[in-house]
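Please look over the sequence and the structure below before reading on. The report that follows takes up a few sites in turn.

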Amino acid sequence: MPEPTLALDAARLLADIRALGAVGADPGGGRTRIALSDADQAGRDLLVRWMRELGLQVHIDRIGNVFGILPGSGGGDARPLMIGSHIDTVRHAGALDGCYGVLAGLAVARAYRSAGRTPRRPIAVAAFTNEEGVRYQPDMMGSLVFAGGLSLDAALATVGTDGTRLGEELARIGYAGDLAPGAIAPHAYLELHIEQGPVLEAEGLQIGVVERLQGISWQRITVHGTANHAGTTPTRLRHDAGYAACAVVAFLREQVASAAPGSTLATTGSLRLAPDLINVIPRQATFTVDLRDPDEARLQAAEQQLADFLVQLAEREGVVIETERLARFAPVVFDAGLADAIEASARRLGCTHRRMTSGAGHDAQMVARIAPAAMIFVPSQGGISHNPREHTDDAQLVLGAQVLLDVVQHHLAAD
Ligand code: GLV
Ligand code: MN
Ligand code: MN
């Protein structure tokens, strides 16, 4: 006899999303829980409280990743099926990015608890540290350390955009745990997330079966020019760091403008000039470049074209240009068996669905280094994310969590 299907407490999941979304609320809308800030601490405290109320065993590792474990019956080996994401945010974020996946993991554990059922192997709900990477780079840092891709010491020594040291901030908020990162080795990893892009909505589909994730290249570029008087310095004698930075931004846009859809993307999301005064030619420009592409060879080509342009620009403008790599992740292909299982669940639940590639970075891409991993997407209204207007209808959020629960049940039954 097949075991009865577990029921998801949809109202509780939606209430949890709203309650966590209220932590770090900004006066103008949205919320800000930058990694290892006081607001991140408050969000973590709430999550840990909910994990304890559910009777999960809570573990914190040395990079601050939080795990809540629902013990298994011992039917498989001791490695848990892990469901995770992150609860740190960008500035003025929506309530869903990351939080949805963690809280849906909690909803899966709650479904087992409420039915009085013990899964065959443990279920671990994970919230990884500093997925967003806006204060400390690289992004996906907690899951990267967890997967052995970055040493703990290097991560703890990272200096943030505000001059703070990650390890000190982690200790300050009380989340420098004592578990070795990676000690809880997953048997498999699932991550439910909003799409953060326009594809599912545009195609009128309910579920994305995420089988790939594009490559990500982050650099910080510093241009050193010469500060001088805005009213007296002829254009041909300027070494204008601000102009050089803008030339790079324009070059990148021109490079990608003709690229095929689903190809290279380029973004300068941070740009600072010094001395930043109306009548002074900028002495220094510091800006970031985020390049993404699902194809590694094309991503490398885009990096090389940028590097070549910087050499020509430095010579032409008489400026010095330095580059610093902040993050570099190759495209990832997720586990085919798990993707098939997600598709089978979507079909079983009568959901419209498609296979897709994630444009955003996710903890799943790091965990995929050490365990079979795949992701489930639900639509994002207007394709908007990293913005307080980020929205997915409640019914869609519930449906995504039901697909996750179905995947988990079948995965554990088939174990
Ligand atoms: C994470 O949000 C990313 O930058 O893709
Ligand atoms: Mn996210
Ligand atoms: Mn994000």
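Which backbone atom lies 2.6 Å from an oxygen atom of ligand 1?

## The surroundings of ligand 1

In this predicted model, a backbone N or O atom of Gly 361 lies at that distance of 2.6 Å from an oxygen atom of ligand 1. Side chains take part as well: an N or O atom in the side chain of Glu 132 is 3.0 Å from an oxygen atom of the ligand, and a polar side-chain atom of His 386 lies 3.2 Å from an oxygen atom of ligand 1. Taken alone, ligand 1 exposes 190 Å², of which the protein buries 93%.

## The manganese ions

The manganese ion that is ligand 2 is coordinated by His 86 and His 193, each through NE2, and by Asp 97 through OD, at 2.0 to 2.3 Å. Along the sequence, these donor residues follow the spacing H-x10-D-x95-H. A manganese ion is also present as ligand 3, 3.7 Å from ligand 2, and Asp 97 coordinates both ions.

His 86 and Asp 97, which are 11 residues apart, both lie in the loop between β3 (81–85) and α3 (99–114). His 86 counts as buried because its relative accessibility is 0%, and Asp 97, at 6% relative accessibility, counts as buried too.

## Helix α2 and its packing

Helix α2 covers residues 38–53, and its 16 residues reach 23 Å from the first C-alpha to the last, which is close to the 22 Å expected at 1.5 Å a residue. Among the buried residues of this helix are Ala 39, Leu 46, Leu 47, Val 48, Trp 50 and Met 51, and Asp 40 and Arg 44 are also buried.

After α2 comes Gly 55, whose phi is positive, near 75°.

## Pro 181 in its loop

Pro 181 lies in the loop between α6 (166–172) and β5 (188–194), and it counts as partly exposed because its relative accessibility is 23%, where buried would require a value under 20%. Leaving aside residues up to four places away in sequence, Pro 181 touches Asp 61, Arg 62 and Ile 63, as well as Val 145, Phe 146 and Leu 152. Tyr 136 is 45 residues from Pro 181 in sequence, and the two are 18 Å apart in space, C-alpha to C-alpha.

Definitions and conventions: Residues numbered from 1 in each chain as written. Chains lettered and ligands numbered in written order. Predicted model: local features only at pLDDT ≥ 70, side-chain atom pairs only at ≥ 80, totals over all residues. Heavy atoms only, no water. Donors = N, O, S within 2.8 Å, 3.2 Å for Na, K, Ca; no water. Helix = DSSP H or I, 4+ residues; strand = E, 2+ residues; numbered from the N terminus. Buried < 20%, exposed > 50% of the residue type's maximum accessible area, 1.4 Å probe, protein only. Expected span 1.5 Å × (residues − 1). Polar contact = N/O pair within 3.5 Å; in protein donor to acceptor, adjacent residues only side chain to side chain. Areas by Shrake-Rupley, 256 points an atom, 1.4 Å probe, with all protein chains shown as cover. Contact = heavy atoms within 4.5 Å.
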